[in-house]
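Please open the model in a viewer and keep the selection panel at hand. The stops below are to be taken in order.

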Amino acid sequence: MKTTSTLLCLLFAIMSAVPAQAQNCNCAGAFDEAVQVYENDYALFRIKVTDQNKAQYLANKAVYRDKAKAVTAIEDCLPVLEQWLGFFRDGHNNIKFTGASGSQPLRERIAVDRATFIADLKRVKKKKAYRGNDLLGIWKYGAYEVGIMLNPKSSTCKREFVGVVLQSNNASWETGDVRFELNQVYGNDY
């Protein structure tokens with residue numbers, strides 16, 4: 001209980017400092033602070049990061065540290081921190097932006113619906129490079145239906161694949177919201 005209280009106090013302190021940094025974004029610094037808090041004070045860290053997945057955690061951390069270094073606006077930092085936090089798969093933890101536009105969702109959106117997605121998927125699957133790729137398609141999990149597609153050419157994000165909400169029973173997620181992004185490491189590892 002004491003560890004949880006300490007963690008909550010530290011997270012509150014970090015989150016309280018974010019609005020003060022809104023004019024001078026240092027996403028890499030915020031990322032390093034979040035990593036430090038989680039590695040030192042997150043009660044489940046040693047359960048979530050084991051000897052078996054430590055290399056994956058370190059690779060994940062390196063990818064998101066590089067992304068954080070490239071961010072210039074605090075609004076663009078939040079998705080990087082949220083995606084890094086996703087490694088822990090703990091729905092009880094989150095990071096929120098509390099600046100002037102804090103009430104607005106800061107999610108990337110891709111203009112796609114189910115019909116458009118299916119048409120694009122058929123076109124992409126005709127290409128030799130993606131013909132046998134089972135990752136591309138519609139995936140259902142609980143309250144979500146997500147379409148995994150190639151990163152749109154119009155996107156400025158560096159990623160290979162993107163998961164876009166096609167249908168959701170959760171009011172927090174709307175059609176077109178980017179739910180996650182994937183990059184192929186090797187073979188079938190993403």
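**Confidence first**

Colour the protein chain by pLDDT, the predictor's confidence in each residue from 0 to 100: the chain averages 77, and 78% of the residues score at least 70. This is a predicted model, in which local features need pLDDT of at least 70 and side-chain atom pairs count only at pLDDT 80 or more, while totals for chains, interfaces and linings use all residues. Residues are numbered from 1 along each chain as its sequence is written, and side-chain values use heavy atoms, with hydrogens and water left out.

Helices here are DSSP runs (H or I, at least four residues), numbered from the N terminus. Over residues 4-14, pLDDT stays under 50, and the model has 10 contacts (heavy atoms within 4.5 Å) beyond four places in sequence for them. Residues 16-23 also stay under 50, with 6 such contacts.

**Asn 53**

Next, select Asn 53, in the loop between helix H3 (45-48) and helix H4 (54-70). Is Asn 53 buried or exposed? Its relative accessible area is 16%, so Asn 53 is buried (under 20%, with exposed over 50% and partly exposed in between; 1.4 Å probe, protein chains only). Display its side chain: a polar atom there lies 2.8 Å from the backbone oxygen of Lys 48. Beyond its neighbours within four places in sequence, Asn 53 is in contact with Lys 48 and Phe 87.

**Leu 78**

Finally, move to Leu 78 in helix H5 (residues 74-85). Leu 78 counts as buried because its relative accessibility is 11%. Draw a distance from its C-alpha atom to that of Ala 68, 10 residues apart along the chain: the separation is 9.4 Å.

How values were computed:
Helix = DSSP H or I, 4+ residues; strand = E, 2+ residues; numbered from the N terminus. Polar contact = N/O pair within 3.5 Å; in protein donor to acceptor, adjacent residues only side chain to side chain.
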